[in-house]
Amino acid sequence: MELLVSIAIMIIISTVIASNQKQFGAGAALKNIVNNLSLSLRQAQIYGVSVKQLAPSSSQAYTTTGFNAGYGVHFSIAPSYPTGDSSSYLFFLDTKPSALVAPNGLYLGDMNCNPIGGNPPSECLDKVVLGQGHTITDLCSLESGTEVCTHEQLDITFVRPAVEAKIIFNNNGVLMSTACIEVSSTDGKKNSVVVYTTGQVSVRGTSCIDAL
């Protein structure tokens with residue numbers, strides 16, 4: 001009887017440890033993904049406002065210095081946009097349409113890094129897949145105290161000499177002050193990344209509803 005009781009206790013303890021370990025692993029994976037997302041935004045910021053030079057090409061009218069292209073991160077989470085994909089995001093180059101026109105702050109292409117609608121070659125530089133079943137579940141804005149989480153597309157870009165972020169939802173060309181990208185795991189846990197027009201990028205261990 002004592003042996004059976006000891007075995008039962010060991011089984012219970014092992015089950016609890018295994019369950020906690022699984023939850024810890026899932027939480028760590030989600031945290032790692034949102035941290036990588038924040039690093040992608042920081043990379044775009046560094047490239048856009050400081051040292052990443054783009055060489056001139058025959059299809060674009062760049063200055064002789066080559067430091068006039070923006071860099072950004074693009075999200076498209078609904079099928080209403082070309083090949084919408086909530087399980088990935090794009091790191092892209094925001095090119096100038098002509099010598100006297102600034103980059104528009106929008107990604108030109110689809111989520112498979114292909115050009116669309118007769119645009120020039122796709123601006124996509126890298127496609128980042130979240131992995132492990134994680135998805136981008138919300139793209140939220142906050143303007144004048146009003147929070148909106150029904151957006152399906154988001155572009156965040158940086159271009160020198162300004163250090164501020166260009167935040168544009170749904171390809172509408174309207175600059176917003178705050179954006180929140182929410183990432184969810186398969187078990188329903190949510191973390192988010194908040195980006196302010198000042199250039200600040202903040203990782204939050206909550207949903208966008210609670211983060212904004």
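## A pair across two strands

Ser88 stands opposite Val129 in strand 3, where strands are DSSP runs (E, at least two residues), just as helices are DSSP runs (H or I, at least four residues), both numbered from the N terminus. Strand 2, which covers residues 88–94, pairs with strand 3 in the antiparallel sense over 5 bridges; two strands are said to pair if DSSP finds at least two bridges between them. Strands of a sheet pair through backbone hydrogen bonds, either parallel or antiparallel.

This is a predicted model, in which local features need pLDDT of at least 70 and side-chain atom pairs count only at pLDDT 80 or more, while totals for chains, interfaces and linings use all residues. Residues are numbered from 1 along each chain as its sequence is written, and side-chain values use heavy atoms, with hydrogens and water left out.

An open sheet is formed by 5 strands in the order 3-2-1-6-7, with antiparallel pairing. Its edge strands are strand 3 (124–129) and strand 7 (166–169), each of which pairs on one side only.

The protein chain contains 2 helices and 10 strands. Of its 212 residues, 41% are buried, a word that means under 20% relative accessible area, whereas exposed means over 50% and partly exposed lies in between (1.4 Å probe, protein chains only).

## His74 in strand 1

His74 is found in strand 1, which covers residues 70–76, and this residue counts as buried because its relative accessibility is 2%. Leaving aside neighbours within four places in sequence, His74 is in contact (heavy atoms within 4.5 Å) with several residues, including Tyr89, Tyr107 and Asp155.

The side chains of His74 and Asp155 make a polar contact of 2.7 Å. A polar contact is a pair of N or O atoms within 3.5 Å; within protein, one must be able to donate a hydrogen and the other to accept it, and residues adjacent in sequence count only if both atoms are side-chain atoms.

## His151 in a loop

His151 is found in the loop between strand 5 (146–148) and strand 6 (153–158), and His151 counts as buried because its relative accessibility is 13%. The side chain of His151 makes a polar contact of 2.8 Å with the side chain of Ser141, and another of 3.1 Å with the side chain of Asn170. Not counting residues up to four places away in sequence, His151 also touches other residues, among them Ile77, Leu139 and Phe169.
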